[in-house]
Amino acid sequence: MSKTILEVKDLKVNFKTYAGIVHAVRGVNFDLKEGETLAIVGESGSGKSVTSNALMKLIPQPPGIYESGQILFNGRDLIPLTDKEMSKIRGNDIAMIFQDPMTSLNPTMKVGRQITEVILQHKKVSSADAKKRAIELLTQVGIPFPEKRFKQYPHEFSGGMRQRVVIAIALAANPKLLIADEPTTALDVTIQAQILELMKEIQKTSKTSIIFITHDLGVVANVADRVAVMYAGQIVEYGTVNDIFYNP
């Protein structure tokens with residue numbers, strides 16, 4: 001039996017606004033096993049992205065408030081951790097792929113440097129080894145001519161290729177958990193299929209656990225083992241892909 005890598009227990013996240021308190025996540029519970037893909041689905045505003053940002057402690061406080069609950073990653077609760085403690089976990093143990101690659105990448109920095117920076121920050125390696133690893137990652141995510149692409153800027157890549165670079169950055173430190181927040185929304189259907197295949201391939205080879213945030217049920221059918229359906233900040237349905245699709 002695979003071990004449980006993540007347990008979320010009664011997570012409540014609020015936001016203080018001028019109009020009062022907004023209850024964005026209201027008592028969410030789920031778990032994730034090693035090498036498993038959990039899809040969190042729901043309409044816009046249902047609390048999917050707030051939940052994923054909460055797992056990484058990326059919610060600014062204020063206005064965000066972790067009202068209650070636990071986020072247990074390998075048995076360690078992340079909520080009480082300081083920013084300094086979380087910075088060792090972000091990118092190293094838990095990495096995130098955001099939905100718009102153009103805003104995730106620094107337009108003024110060459111792609112190779114953006115990947116090597118992550119490697120150098122989290123691993124004790126030389127610059128030459130970091131460069132070698134970055135080129136390996138570009139190859140792994142299916143970018144042709146990786147040595148040439150290593151020296152290029154994000155604007156020289158297509159949307160699909162930029163998303164591959166973002167995935168390469170997320171994989172740079174071999175994270176145990178990958179959170180993908182609608183990573184294929186900005187891409188056309190053929191590129192979307194390639195990115196999903198790539199993520200499945202990565203999971204097979206590296207046993208990474210994936211949380212896939214989406215509102216596209218076609219994507220869910222393709223990638224997920226289990227599904228959590230969110231509505232108004234709560235999980236209203238939770239089960240295997242077959243349960244959700246055939247016995248909702």
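Trainee: Which side chain meets K176 in a salt bridge?
Mentor: This is a predicted model, in which local features need pLDDT of at least 70, side-chain atom pairs count only at pLDDT 80 or more, and totals for chains, interfaces and linings use all residues. Residues are numbered from 1 along each chain as its sequence is written, and side-chain values use heavy atoms, leaving out hydrogens and water. A salt bridge is a side-chain nitrogen of Lys or Arg within 4 Å of a carboxyl oxygen of Asp or Glu. At 3.1 Å from N to O, the partner of K176 is D93.

Trainee: How many residues apart are K176 and D93?
Mentor: K176 is in the loop between α7 (159–171) and β7 (177–181), and D93 is in the loop between α2 (83–89) and β6 (94–97). Helices (H or I, at least four residues) and strands (E, at least two) are DSSP runs, numbered from the N terminus. The pair links distant parts of the chain, and the separation is 83 residues.

Trainee: Is D93 buried or exposed?
Mentor: Buried means under 20% relative accessible area, exposed over 50%, and partly exposed in between, with a 1.4 Å probe and protein chains only. K176 has 40%, so K176 is partly exposed. D93 has a relative accessible area of 17%, so D93 is buried.

Trainee: How many salt bridges does the count come to?
Mentor: Side chains of opposite charge can pair when their charged atoms come close. By the rule for salt bridges, the count comes to 9.

Trainee: With which residue does D31 form a salt bridge?
Mentor: The closest N and O atoms of the pair are 2.9 Å apart, and the partner is R226. D31 lies in strand β2 (residues 20–33) and its partner in strand β9 (residues 226–231), so the pair ties together parts 195 residues apart in sequence. D31 is partly exposed because its relative accessibility is 22%.

Trainee: How many residues apart in sequence are E36 and R226?
Mentor: E36 also forms a salt bridge with R226, with the closest N and O atoms 2.6 Å apart. E36 lies in the loop between β2 and β3 (37–41) and R226 in strand β9, so the parts tied together are apart in sequence by 190 residues.

Trainee: Is E36 buried or exposed?
Mentor: The relative accessibility of E36 is 11%. That value is under 20%, so E36 counts as buried.

Trainee: Which residues does I167 touch?
Mentor: I167 lies in helix α7 and is buried, with a relative accessible area of 0%. The C-alpha atoms of I167 and I97, 70 residues apart along the chain, are separated by 6.3 Å. A contact means heavy atoms within 4.5 Å. Not counting residues up to four places away in sequence, I167 touches I97, V141, I195, L198, M199 and I202.

Trainee: What radius of gyration does the chain have?
Mentor: The radius of gyration is taken over C-alpha atoms, and the globule rule is 2.2 Å times the number of residues to the power 0.38. With 248 residues, a compact globule would have a value near 18 Å. The chain agrees with this, because its radius of gyration is 18 Å.

Trainee: How many helices and strands does the secondary structure of the chain come to?
Mentor: The C-alpha trace spans about 50 × 40 × 40 Å along its principal axes, and 50% of the 248 residues count as buried. The secondary structure comes to 10 helices and 10 strands.
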